[in-house]
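Work through these exercises with the model open beside you. Try each task before you read its solution.

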Amino acid sequence: MFQRKEDDSEKKLQHRRTVDYFTPLGRYMVQKNVYNRRGRQPLGKIRPEMSYLSQLLPPHSEQPEVVDLATKFVHVSTNKSKHAIHALKWTPDARRVLVSSHSGEFTIWNGLTFNFESIMQAHDSPIFALQYSHNGDWLLSADQIGCIKFWQPNFNNVNILPKAHDNAIQDIVFSPNDSKFVSCSDDLTLKIWNFSTATEERTLKGHHWDVKACDWHPTLGLVVSGSKDNLVKFWDPRDGKCISTIHDFKHTVTKVRFQPKGNQRLLAACSRDHSTRIFDIRLMKTINVIKSTDDVDLTSITWHPVHSSTLTIGGYDGSLSTYDLAKELNQDLVFNREKQPTSTTSPLHRIPYAHDKAIHDLEYHPLGHVLCTAGADKSMRFWCRSRPNDPLAFKDNAYTGESWAEKQPFAMEQNGRESEQKQFYPPPPSGLPGLSGLPGLPGLPGLQGINSLPNIPGMTNK
């Protein structure tokens, strides 16, 4: 009995992994604003949590967002009944993550301690789209049979549109003032809805195949859609007419997202032709083409909520790549219409084995320090910044791919089929593109002599 008590006390001493951003942030804001009312020059404070490196920049750095990269795996969350995850959203209070699964269930996970909180059966079919209103008062969900449901933040179901579309609804987005929302479906159409009356206002017709993604500009009356017919179309939601059509893609357009921060003039769209294109909506022209490093289909994209030039892309093979578009943002293309689009292949940071299968959706925390990803491997994963000078930062399975190879039963067969093993299980990359030559990193505290650590994958120039 005494030994059992001793074991219990040892269990209690084990600390659960957590990313604490509530108490430090509140303390920081109080000390910064409340106790500095006399107008004295602020001396500055270093935030007590490693997740707040956004204001602790390296000296003479030309890329300040380099310290905001989500490079470290934190936690994986899975339901007992495992199903593929198609959509996830941070709740308006930014304390929890709402996940929708192929079984039609809502699962709520704590964004601080990553504990399971609640689960409920929301739909009778797989849920493909989730969207919170900008004011945080409402939630919309859409499923595979074309049904849209209206929810309050406490998950009280207020209204149901059982036949909003004739086929699966792939995406749903609110307008800037939350008075309307747009939905796109595999029935070849988009629809503009009045939120307060739950009635259809306009039907946008023009695509020749399934409409896979849509988005509403954060400040303008402009709707964009991407379809299986390889087209990206811009719509005027007031009259339902197509403004412009872009024919640059060669395969299905999987996601389209307007730039939420900065000057909000860019549109990012990814496709199954192994590329992501950045468009300038002032010219309706491609200004940058991001090519996949391993020639894989790209399935999801998201913009960083703080740094307007940072874009994160998820691939069909489960890889996660982050790119910096600062050079394109600083160029004014209005006076140089003949400029050819630039091509980018090397990411700022890449996690080759972030998931075992395709990444369906990803979203940053509003503070930008935590990234959530979910996909076809029936799991949701949290990523955050790694600690400076952490020797285990890149010795993770997400970089080495060890666990991924172990899950394949015929990968470990010693029958002489080395060519097959190389084909299905390529060796993990020896270096992480972009991390060895970034300006400012040699001056970051704790990273001096980083090239002298050849045993850490991704932290060498070799």
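**Exercise 1. Find how strand S8 pairs with strand S9 (residues 157-161), and which residue in S9 is the bridge partner of Ile-148.**

Solution. 
- Step 1. Four bridges join S8 to S9, and the two strands run antiparallel. Strands here are DSSP runs (E, at least two residues), while helices are runs of H or I with at least four, all numbered from the N terminus. Two strands pair if DSSP finds at least two bridges between them.
- Step 2. The partner of Ile-148 in S9 is Leu-161.
- Step 3. Look at the hairpin of S8 and S9, with five residues between the strands: Phe-155 takes a positive phi near 65°.

This is a predicted model, where local features need pLDDT of at least 70, side-chain atom pairs count only at pLDDT 80 or more, and totals for chains, interfaces and linings use all residues. Residues are numbered from 1 along each chain as its sequence is written, and side-chain values use heavy atoms, with hydrogens and water left out.

**Exercise 2. Which way do the side chains of strand S8 (residues 148-151) point, and are they buried or exposed?**

Solution. 
- Step 1. Recall the rule: in a regular strand, side chains alternate between the two faces of the sheet.
- Step 2. Apply it to S8. Ile-148 and Phe-150 point one way, and Lys-149 and Trp-151 the other way.
- Step 3. All of these residues are buried. Buried means under 20% relative accessible area, exposed over 50%, and partly exposed in between (1.4 Å probe, protein chains only).
- Step 4. Turn to strand S7 (residues 139-143). Four bridges join S7 to S8 in the antiparallel sense, and Leu-140 stands opposite Phe-150.
- Step 5. S7 and S8 form a hairpin with four residues between them. Gly-146 in that turn has a positive phi of about 90°.

**Exercise 3. Describe the surroundings of Pro-218.**

Solution. 
- Step 1. Pro-218 is in the loop between strand S14 (211-216) and strand S15 (223-227).
- Step 2. Its relative accessibility is 28%, so Pro-218 counts as partly exposed.
- Step 3. Leave out residues up to four places away in sequence. Pro-218 then touches Pro-176, Phe-258, Gln-259, Pro-260 and Gln-264. Contact means heavy atoms within 4.5 Å.
- Step 4. Pro-176 is 42 residues from Pro-218 along the chain, yet their C-alpha atoms are separated by 5.4 Å.

**Exercise 4. What is the strand order in the open sheet that contains S1, and which strands are its edges?**

Solution. 
- Step 1. The sheet has four strands in the order S1-S29-S28-S27, with antiparallel pairing.
- Step 2. The edge strands are strand S1 (72-77) and strand S27 (359-364), each pairing on one side only.
- Step 3. Neighbouring strands of this sheet are turned by 20° against each other on average, direction ignored. Axes are lines fitted to C-alpha atoms (for helices over the stretch in contact), and angles run from 0 to 180 degrees between N-to-C directions.
- Step 4. Five bridges join strand S28 (residues 370-375) to strand S29 (residues 380-384). Among the pairs, Ala-374 has Met-380 as its bridge partner.

**Exercise 5. Where is Ser-244, and which residues does it touch?**

Solution. 
- Step 1. Ser-244 is in strand S17 (residues 241-246).
- Step 2. At 17% relative accessibility, Ser-244 counts as buried.
- Step 3. Not counting residues up to four places away in sequence, Ser-244 touches Val-232, Lys-233, Phe-234 and Met-284.
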